[in-house]
Amino acid sequence: MNADLLDRRDAVIMATYGRPSIALTRGSGAHVWDADGREYVDLIAGVAVSVLGHCHPAVRAAVVAQLDTLGHTSNLYVNTPQLLLAERLIELLGVDGRAFFCNSGAEANETAIKISRRTGRSEIIAAEGAFHGRTMGALSITGQPGKRAPFEPLLPGVRFVPHGDADALAAAVSERTAAVFLEPTLGEAGVIPSPPGYLAAARAACDAHGALLVFDEVQSGIGRTGAWFAHQTEGVVPDVITLAKGLGGGLPIGVCIGIGAAGHLLRPGDHGSTFGGGPVVCSAALAVLDTIVAEGLLEHAAVLGGALRDGIVAADAAGVTGVRGVGLWLAIELDAPFAPEVETAAREAGFLVNAVAANAVRLAPPLVLTPADVDAFVAALPGIADRARETHAQGDRTAATGPKKSDEGSKVSA
Ligand SMILES: *Cc1c(COP(=O)(O)O)cnc(C)c1O
């Protein structure tokens, strides 16, 4: 049962995450089931990870076949799946490049930070609001002061500029700048796209001063936007790209790709990972890439994402002011900070969504989502929004009547 599992969790799992409301026990396609047997349409995909949905036979077959052949090699030896995956990713990027494989998005960005140090410069410029991961280096370049403050001192020489302000970025980049790190669309900050021309302006600023341009596509890459990589829609080529979330179809993998000369900056002995690029996760990733092609999931993400977007607007739910994002990566914009209540009401109605900000609800479903799933969500949205607004208003009234009640039901987001 959910309740029992949640209580036991609190005793043995560190309280770093918000307290979950349910335990998930099984999945199929874009649907999951909880420990009480309730079914949900999964519109968050384990934070933009499970691009092929749950238990896709291609991932399963690839993993099982590889485990039956050779499960682990370390990087003391060549393993063919890693080699093939590097070749495939570089081909999809359409560049000359070299890959370093690791196990997560944060580690991919750590690799990019070390690459930037090998320019001989140490200053990094990043965007306010951006998220690059929780390890100390990735945290140092994460533009969310609340996450950084408890762990200072962090890496020195990191400067933050407002995301989307091309002039501020151009003014900040100099001969001291090793690298500029950008998410093409801010993910954790609430699916906030860059203004048109921003990535090109960043490219120009980096070129003018010999700084590396790093695109963190950990969340935006691998089909989420309807393109293999988000930056391809803008036609701006970075020096370094980092990937993770969608790449492994649920298995932990990260990769940092250095394009052109940036692929040659790290030297023998400069970096390593025991598990990085292991044959099992690389086989899973190859299956993900093959399946995206075989099932036409890029076009599907673009078309169905458009339908989802249009459907949300047409649903005209109370308190919903708009929707932003592209492909199957959207944020529903709210007129008040009741996203946590929307998350709860959606779950009670059978949909998993994510209150990414107080007034924005993130949708990042599996790319195998069906039109029927979209129709079901769009039909349910007005009721979900009404319910959420009601709960939110009750919370406000409770707060206004003073401190008698505990603030257990408060709307503090995880
Ligand atoms: C999730 C995320 C990361 C961190 O990835 P982990 O695998 O959690 O370390 C880094 N950058 C972006 C843009 C992300 O969305």
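A polar contact is here a pair of N or O atoms within 3.5 Å. The model is a predicted one, and in it a nitrogen atom of the ligand is placed 3.3 Å from a polar backbone atom of Phe-131. A nitrogen atom of the ligand also lies 2.7 Å from an N or O atom in the side chain of Asp-216, while an oxygen atom of the ligand is found 2.8 Å from a polar backbone atom of Gly-105. Taken alone, the ligand would expose 380 Å², of which the protein buries 81%.

## The shell around the ligand

The residues that surround the ligand are Ser-104, Gly-105, Ala-106, Asn-109, Phe-131, His-132, Gly-133, Glu-183, Asp-216, Val-218, Gln-219 and Lys-245. Sorted by class, this shell is made up of three nonpolar, six polar and three charged residues.

Which helix gives the most to the shell around the ligand? That helix is α5, spanning residues 105-117, which contributes three residues.

## Packing of α12 and α14

Helix α12, formed by residues 297-315, packs with helix α14, formed by residues 371-400, at an angle of about 20 degrees, and their axes are 9 Å apart. Since angles under 35 degrees count as roughly parallel, α12 and α14 are therefore roughly parallel to each other. The crossing in which α12 passes α14 is right-handed.

How values were computed: Residues numbered from 1 in each chain as written. Predicted model: local features only at pLDDT ≥ 70, side-chain atom pairs only at ≥ 80, totals over all residues. Heavy atoms only, no water. Near = heavy atom within 4 Å. Polar contact = N/O pair within 3.5 Å; in protein donor to acceptor, adjacent residues only side chain to side chain. Areas by Shrake-Rupley, 256 points an atom, 1.4 Å probe, with all protein chains shown as cover. Helix = DSSP H or I, 4+ residues; strand = E, 2+ residues; numbered from the N terminus. Nonpolar A, V, L, I, M, F, W, Y, C, P; charged D, E, K, R; others polar. Axes fitted to C-alpha atoms, helices over the stretch in contact; angles between N-to-C directions. Parallel < 35°, antiparallel > 145°, perpendicular 65-115°, else oblique. Left-handed = near helix turned anticlockwise from the far one by under 90°.
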